[in-house]
Amino acid sequence: MTAIFPALPGLAWSVTKAPRFATRIQKAVSGRELRVLDQPNPIWLWTLTYDLLRDRHDTRGTGLGVGYDELRTLMGFFLQQQGSFAPFLFDDPTDDTAIAQPLGTGDSSTVQFRLVRTMNGFAEPVTAPNVVGAVYFNGVRQSAASYSVDPDTGTVTFATPPPAGQAITADFTYYFRVRFAEDTAAFENFMLQLWRLKQIKLQSAIA
């Protein structure tokens with residue numbers, strides 16, 4: 001089972017989130033450009049800051065860290081993933097839910113449709129669905145027994161092809177499949193039993 005990045009109370013402002021595409025650009029002497037898009041979907045990069053990570057294992061005194069273990073939870077997770085080696089799932093609380101999301105239109109023969117999430121008209125595949133709450137044909141909810149969802153690709157497979165002309169929509173939540181962007185993380189012990197992590201970067205991991 002793929003690990004899930006821990007949600008900890010010490011996460012501080014600000015959080016940055018940056019989409020990055022890959023485009024090759026060849027420029028002529030005249031200034032005209034030839035552009036080739038190598039990556040139609042973005043790589044997302046998050047930068048997180050943790051101002052307060054408590055460590056109950058520090059036995060030098062009875063400080064504020066007593067009873068809490070955010071430091072070793074986060075540090076242990078980083079070690080478990082071996083830095084940037086192993087991918088994991090990240091729940092971005094600002095971008096983890098789709099309601100009545102269009103998936104396509106039935107044609108009486110196609111049985112597979114990909115989960116996507118749309119942002120101002122840009123549809124991006126969802127490759128790490130969390131919970132698919134409902135699927136609809138023309139607004140009519142379908143039985144959960146009539147379809148299956150691949151947790152590794154976000155592909156919805158119907159037992160019977162959706163009827164021609166019927167709009168297929170879904171309500172679901174999702175994760176981002178990511179990895180640590182770097183192989184090191186600098187934790188700082190700034191007070192007794194209190195630590196912080198000034199910066200940790202996550203980036204999309206494409207299988």
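Reader: Which residues does Leu 53 touch, not counting residues up to four places away in sequence?

Author: This is a predicted model, in which local features need pLDDT of at least 70, side-chain atom pairs count only at pLDDT 80 or more, and totals for chains, interfaces and linings use all residues. Residues are numbered from 1 along each chain as its sequence is written, and side-chain values use heavy atoms, with hydrogens and water left out. Contact means heavy atoms within 4.5 Å. With residues up to four places away in sequence left aside, Leu 53 touches Leu 8, Glu 70, Leu 71, Leu 74, Phe 187, Gln 193, Leu 194, Trp 195, Arg 196 and Leu 197.

Reader: Which residues have the most contacts inside the largest nonpolar core?

Author: A nonpolar core is a set of buried Ala, Val, Leu, Ile, Met, Phe, Trp, Tyr and Cys residues joined through side-chain atoms within 4.5 Å. Buried means under 20% relative accessible area, exposed over 50%, and partly exposed in between (1.4 Å probe, protein chains only). In soluble globular proteins, nonpolar side chains tend to be buried together. The largest core here has 36 residues, and those with the most contacts inside it are Phe 5, Tyr 50, Leu 53 and Leu 202.

Reader: Which residue forms a salt bridge with Arg 54?

Author: A salt bridge is a side-chain nitrogen of Lys or Arg within 4 Å of a carboxyl oxygen of Asp or Glu. Arg 54 lies in strand β2, and its partner lies in helix α1 (residues 70-80), 16 residues apart. The N to O distance is 2.6 Å, and the partner is Glu 70.

Reader: Which residue of β11 is the bridge partner of Phe 113?

Author: Two strands pair if DSSP finds at least two bridges between them. Three strands form an open antiparallel sheet in the order β5-β11-β10. Within this sheet, β5 and β11 (residues 155-158) pair over three bridges. The bridge partner of Phe 113 is Val 156.

Conventions. Helix = DSSP H or I, 4+ residues; strand = E, 2+ residues; numbered from the N terminus.
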